[in-house]
Each structure stands twice: as structure tokens, then as C-alpha cells.
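Thank you all for making the time this morning.

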Amino acid sequence: MDTGMTSTPRGACRGIGHQLTRSVRFLTLAVAIVIVAACGSSSSGPTASAVPGKVGGKLIVDNESGSTWTCQFNPFNPAVNITSIGFVYEPLEFVNILQTNPDGSAKVTPWLATASSWSSDYETLTFTIRSGVMWSDGKPFTANDVVYTFNALKADAALDLNALWASDKGPLTSVALQGTDQVVFTFNSPAQSYFYYVADQTPIIPQHIWGSLDQTKLDSQADTNPVGTGPYLMSNCSQNNIKYLRNPHYWQATPGHPVPQVQEVDYPAFLSNTPANLELAQGQAQWGAQYIPNIQSYYIAKDPAHRHYWFPPTLNVSLFPNLTNPLLSNLAVRQAIAMAINRSQVSQRGESGYEPAANQTGIVLPTYQSWYHKSLDTVTYNPSMAEHVLQAAGFTKNSSGIYQNAQGKPLSFTIKTISGYTDWDASLQVITQELKAVGINVTVQDEDSDPYTTDTQGGNFQLAYGEMPVAGPGPYYELRQLLFSGNIGSTNYSRYSSAQTDALINQYSGATVAQQQQIVQQLSTVMATDIPVIPVTEGVDWYQYDTTSFGGWPTQSDPYAQPPVWAYPDNGVVLTHLYPLG
Amino acid sequence: MRYIARRLGLFLVTLWAALTVNFIIPRVMPGNEATAVLATFRGVNPAALHALEIEFGVNIHQNIVLTYLQYIANCFTGQFGVTAERNPVITEIMGKLPWTLGLVGVTTVLAFAAGTLVGAVSAWRRGGHLDAILPPLLFIVASFPVFFVGLLLIFAFGVTLNWFPLASNYSIGATPSFSLSFIGDVLDHAVLPGAALVIVTAGLWIYSMRNNMISTLAEDYVKMGRAKGLPSWRIMFDYAARNAILPNLTGFAMQLGYVLGGSILIEYTFSYPGLGYLFYTSTTDHDLPLMQALFLFYTFAVLICVLLADLLTAGLDPRTREA
């Protein structure tokens, strides 16, 4: 079915419906765990843009959605929530995964809550709810709306996608009002790693509207006329375009300092990459989340003074050895593979350098720099060492130049990958050559994403190339998905199982930041010594911006939010920072 | 009458078979859209999964016969459930149908009319300039896949000359209305995909019309017409073409049925949001209710058109009625 009109690399399509699973996966990249120990966030409000007073302009968002809009805005429907969270619906606090405090914890900005604090055992979390916020229909927003929202997740399990509630295997046992403006969350075990889902990933909905609907069917509400607290109001929706207008009564606005400052935001539905990229290249859209081949000549060169891109990495793209395979269960073989791959070559030749090289400790750089320790990063490119390791483990070269074990079984494997991800195919070509050079034979096997998911989760592969579905709120989250034995059958593709590692992972949610640093260090050591996974490159967020008519964009030097428009609630943070120029 | 009754009976039996196959196939396929939606979240929340499965109507462990009867009833009342995006399937289909009918339906009619006319004329002037160029050329082009012709057109008229838009059904930001400017915009977007379809399909009509026409021209009544000194256009249209068009007409009725299904490639190439594109995305998303409804829709359309073709033939050609 691929007519070859354009190649569609991974990550190029991350929208609605079409490639639903992939879109969800990328949405959740925004995930950041809050590692703030006993955090009492400051109660100052978020700061917005620099040019005071000026309101105007029409911003066009450019993100291939793969299908037309359904004009539904239910913030709990993963197929449509990227068009409602951030624009219309807001969370309690904003957790920025791209910016850390000096201790490595992610930066938290109060949003609909003014503060939050953990009990010393990390089992009780208390939010103080902001006063003076209005729903877009004029009714006041209160702590009751927050209590209602979380209890709605309990009443309709299909809303509880992150499994917060104990009935859904999460640690949350109750959410209750305390006084008039505080909401207390009670967990049945230390639950720091859930802060992100509670504070950042759950949009707050108005009780006076949702409370009168069938509470067991909230997930199937169309919500065609969303009422939220956010910076924008959904003004008009057709199959091809959603038009948002600024909320004139937004709570962040103060006299003489309007927020948001952009009058209108349009979100067209692009069915494929080509028209979406063209719209950016012609300068009609200003905020892009697109994969653009040859971005320098196709996009930047047409107006280098105003057009920019920034691709922050958030998770690893890795080679997964199936540890139940008798050859791959041999550490020497995995070491040899890890040392045979020249990661920067793969990055340059397979990913045009857009996706940087990964490292064996599993810490995505530069995003999680404060968690990385160079001394642990011991397994690096060294092909002669790779062969040496194989020889030392008793492997000998057969007549076709491939190493084989004493029983004559050659190191010959298939690598499963997802068809249509052309950049991965290119990377795998490089990997194939590099492995061949040290006497390991691999063949790439492309699969549709559905069978690929079934095969990788079920262990029906020898080697697999891919990345985690839900990426990193700090490096811990990705490492947990990769290494926790409870995730065998889902994200632990390699089927790695170690009681020691499990114990480390289980300690994390009740640990201080300093202890968490220790835990992640030890997990990095596991990565480098046991080689359960071989990170090769780092997956990035595609992001382009045009400064001709608007300023206030997130940049590499000011990474105040995850930049692509599909990352929520970060998109709302960006929208409150943008301002019209000229 | 017996002929018509037999055709109707056959139609009903085929429809029932199609409905049943459509019921069985998704149930023996591995995975479902509820797991597809949730596979990407942290862990799989069993409660959420079950709630979604009920909503999508999969894996609900109820009596299979009951489910089957419910399904048949739903098919006749148009209740196909919701898509993975939780949009009613019928809304989704009805939203896309006008675009496909408009683009592919109109071009099929155009291709048929143009092809038949050219075929008739070139057979009449056998060996003339028209006959020497158009039929062989278009017949060669007809063997190209439609997306290939589409890509060539995009490259030539969209990218290089920049005369027409590359994709979509109307300009970004345009508001649908019955204003002249909007209709113009829609036509502007339909030119390239429409042209690709006409180019690829017209050749076959020309070919079959020309061949039928040539054999008809050898008939005695045509010679009779000439002998009578009738004007040549009258012989051409009233004597020859009128008889030669019979197989083309029934072919056309059947072709209309394939319009819906055949639109996938062209809509994909031009990112045209019609039924074909919807079908494509429903497959890649593993969106079972949508896929099922579309399959049914296509089957139904083809069956109806085959039935119409049968009835049309019966009306036009008395000999078939005896059979």
C-alpha cells in the first residue's frame, strides 16, 4: 500500500487515529516523573511572555494527524485528547521533562494547583487548589472539581488509562477534599513515581457538566463543546480544521498583561507528511512537529533568519536481545554486539544525524545529563575487542567468516523491526554491516506494527529493534520498563529478570532524590554489565518554529516545555508563552 | 419475471454470505482495537481494557448466536458501533462518502462517456489519425497503476509547474459552504486526482467500445443503412453505437460498484479524505468496527450494481430474459 509518494519515517505521523498506537506512544513521551522529594513547590504562578499588552495574530499549527478531525474533544479519549488538553483542559501542575532542578528532579510549575506536598512516607499527596479560576462557561473552578475528576476515573475504568486506582492495580486508594481548597490523595504504598500522572497527565474537568452524565460511560462522551479552564476556547471545528480563539478570561492574565497573547490558533488536519511539510516550507504554518527530510534545504534555507528547528531526545532506540535465545543468553555475545556497533555512525548514516547516538548506560543525553556518569559508560565501540570477547568465550570463525559455538551453531540472527520506519531500516543496514565485520550475521525482518508489538511483547523474536512505548520522565521510567521483571510480557522485550534489579526499582518511589540518583546509577551499571538492552540512537521530538510573526518559542537554551504541539500539557505552556511580533 | 426473481434471490443469498463472512473474519483475527489503544500505555490496565472491549463490542463473551443475530439486526439499522476514535462508524462513513462519490463517481462517468465516444469514433474512422493515436496510447496508459499516473501528475503539475494543489480536498482554513469560491477551491483540488483516474480508466472503455463497434459495423443492418444513403453520423450513433454500447453499459454499472473500493489508491496518493483513505487508515489502525462496516459497504455497493447491471441487460436485450 505504500505508494512511495514519500517515505514515512518513524515519528513522522503522530496524530489521531491513523497510527493511533504510535501517536499515543509519542504523546506519552512527555512523561516526566517527579522526583521531587517532599516537594513543596513554590506558590508563584507561571510566568508568561515578554511583550506586554499586545494581543493578535493567527498561528497555524502543523502536525500530520493522518486522518480528519472527528470534532470530539473528550480529554480522556486518547485519539482526540491532543486537541483538547493544553488548549482547553489543564492539569494541576506542569512537569517539564526537559528541564531539571540541580539535583536531577524534573522542574514543576504550579498550574491549577498552587502547591503540592508529599507526606514523609510518600503515601499522601496534598494539593492546594488555586482560587479565582473560572471555567469557560463562567462558573468558578473549585477543589470539588479536582476531587470529582479523580473519582470519575475510578467510576469509569476506561478513563483511568494510567492505572492510578487500586482497583486498576495502581496505588491510589482515595481522593478527598480537605478544608475548602485542598485535595488529599492517599496511596497504599510509596507513590512518588505517580506524581507525574496525577499532577501533569490528568486534565481537570468541570463537575457541573460531567457530573450529570452517565458516570460509567464518560469515556465515550463526544464532548463536542468543551468547557475548560485553559488558554483557548474551541471556536469552530470541521473535518479539516479546528479553530481556537483566546480565552479572554484566562486565569493567568493580569491587568496590562494579557495571557494568552495569540488571538487565534488553527489546527489543520493533515492526512500525510507531504502537504504538512509543504505548508511549513511555504511559511504558512509557524509551529511544526514534522519529520522533514533534508530539513536544511527544504525548510531552513528558505528563510534562515526566522526558521529554526530543535530535536530534543527523550528516549532510546535500542536493539533488544531475546535472553531466552540460547546464543543471546550468553553475555559474551551481547557484549560483542554492543561493542561492534558504532553508534555515531548509525546516527549519522541512518538518522541523518537528527537522532543522536545513545550510550550503553541507557541515560538519554543531553536531556538527563544530571543522571549520567561517564565512568559507568564502559561499553563503547571497539570491534577488535568484540571479536576478542567472542574468541575468549570459545567461539570460532566458520568458513563463511561467522563465529560459531562449540556445537557449530553460528551467530546468525534475525532482527525484527516495524515496516515503514525508513530511518530505522537505514540504521539497521549500518548495524548489519558493522556486525558482519565482527563475524555476526543478522538479517532484518520488517513487520507491521501490530504483529511487531505482539511478537516483541510475547518474546517471539531473536533480536528486535525499537523503543519503549512510554518514555522517560527521567531515565528511571524507561529503565523500569526495560528491566523490571513484572514487565515481561509487556515492555521488558528482552525478558530480563533479576531479583536485585527488581528490588532497586521497587525502592525508587519511596526514595529521596539522592537515593534515586544512587538507584539510577546502579541501574546504569546493570545496563553496562549485563547488557540486557543495547541502546543505539536516541528518539527525538520533531519540532520546527518560525519567528517571523511570533516569539516566545521553547528553544534548546530555554527548554521551558516539550516543544511539539502533540505533547500535552506542554502545548498549553507554549501557548501561554507565545506572543505576536511586529 | 422468472429471470428477475432468480436474480433477486441470488442477490439475497450473496448478501447473506457476505454479511456472515464479514462477521466471522474479525473474530478469528488476533488482537483487537481495545488492546491496540491500550498497548502503548504503562502496563495494561485490565479494568480499562474490559471497559473498552465492551464499548468496541469485542471479546464480550456472550452467546455467539445471539451476537450474530444482533449483528445482522445492526447491519440493517445502520448501527455499526464506534471507531477507535469513538466516533460513530456511520457518521464517519457518511462524512467521507460525498467526497468519494464526488471525485471517483464523477470521474468514472466522465471516463465512461469520453472513452465510449472516442471508441465509437475511432472505430468509425478506422485507421484515421484519432484511431492511430488515442486508443493505443490510452490502452498502454491503462495498464499503469493509478497511483503511478497520480504521482507523475503531482510531479508535473503540482510540484514543477505549481498549477494545482498536491493534496487534500480543499484549502486549509477554507470553510465549507456553497459559495462559488469554495466550489472552485474543491474543483481545483479534484483536477489532478480526477485526471489520473480518467486517464487510467478511459483506455479500457475505448478499447471495448472500439472492438464492439467494429464487429457491429460489419452487420448487415449497417450496410443496409449505408445503402439507404443515411447520413454517416446517423449510422454511426443510431445503428452501430447503440448496439455496440450494450456490453459497455453493463460493464459500467458494475464498475460503479468498484468505484468505492477502487478509490483507495488514488485517495492515498492525493491524501484525499474520502472512503478509500478511511479504509486505509482503518486497516493500519486495526479499527475493526470501521473496517467491518466499510467491507460491508463495499460488498453491498458491488452487489447492488451487479444486480442493476443484470436488470439493465434484461431490459436492453430481450434474449437474456429467455435464458
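Predicted model: local features only at pLDDT ≥ 70, side-chain atom pairs only at ≥ 80, totals over all residues.

For chain B the mean pLDDT is 81, and 87% of the residues reach at least 70. Within that chain, helix H5, residues 89-124, has the highest confidence at 87, whereas helix H2, residues 33-38, has the lowest, with a mean of 62.

Let me turn to chain A as a whole, which contains 15 helices and 22 strands. Its C-alpha trace extends over about 80 × 55 × 40 Å along the principal axes. How does the radius of gyration of chain A agree with that of a compact globule? For 582 residues a compact globule would come out near 25 Å, and chain A has 24 Å, so the two agree. Of the 582 residues in this chain, 59% are buried. If we take the contacts in chain A between residues at least 6 apart in sequence, 73% of them join residues at least 24 apart.

Strand E2, residues 93-100, is mostly covered, with seven of its eight residues buried, and five bridges join E2(A) in antiparallel fashion to strand E3, residues 106-110. Thr100(A) is placed opposite Ala106(A) of E3(A). Five residues lie between the two strands of this hairpin, and Gly104(A) takes a positive phi there, near 100°.

Which strands form it, and in what order? It is an open sheet of five strands in chain A, in the order E17-E16-E18-E13-E19, with mixed pairing. Strands E17 (441-447) and E19 (534-540) of chain A stand at the edges with a single partner strand each, and therefore one side of each has no neighbour in the sheet. From one strand to the next, the twist averages 25°. Strand E16, residues 412-418 of chain A, pairs with E17(A) in the parallel sense over seven bridges, and Ile415(A) stands opposite Val444(A) in E17(A).

Next, the nonpolar cores. The largest has 162 residues, and those with the most contacts inside it are Val146(A) and Ala196(B). Leaving aside residues up to four places away in sequence, Ala196(B) touches Val146(B), Val149(B), Gly150(B), Leu153(B) and Ile266(B). There is also a second, separate core of 67 residues, which includes Ile337(A), Ala464(A), Val470(A) and Val533(A).

By contrast with those buried regions, helix H9 of chain B, residues 220-228, is hardly covered, since the count of buried residues among its nine is zero. After H9(B) comes Gly229(B), with a positive phi near 80°.

That brings me to the last topic, the backbone. Most residues other than glycine have a negative phi, and most peptide bonds are trans. Asn294(A) is exposed, because 10 other C-beta atoms lie within 10 Å. Ser271(B) also has a positive phi, near 45°, and is found in the loop between helices H10 (232-269) and H11 (275-284) of chain B. Ser271(B), however, is buried, because 22 other C-beta atoms lie within 10 Å.

Finally, there are cis peptide bonds to note. The bond from Val259(A) to Pro260(A) is cis, with omega near -10°, and Pro260(A) lies in the loop between strands E9 (241-246) and E10 (262-268) of chain A. The bond from Tyr568(A) to Pro569(A) is cis as well, with omega near -5°, and Pro569(A) lies in the loop between strand E21 (550-551) and helix H15 (570-577) of chain A.

Technical notes
Residues numbered from 1 in each chain as written. Chains lettered and ligands numbered in written order. Helix = DSSP H or I, 4+ residues; strand = E, 2+ residues; numbered from the N terminus. Rg over C-alpha atoms; globule rule 2.2 N^0.38 Å. Buried ≥ 20, exposed ≤ 12 C-beta atoms within 10 Å, placed from the backbone. Contact = placed C-beta atoms within 7 Å. Pairing = 2+ DSSP bridges. Axes fitted to C-alpha atoms, helices over the stretch in contact; angles between N-to-C directions. Core = buried A, V, L, I, M, F, W, Y, C linked by C-beta atoms within 7 Å. pLDDT = per-residue confidence, 0-100.
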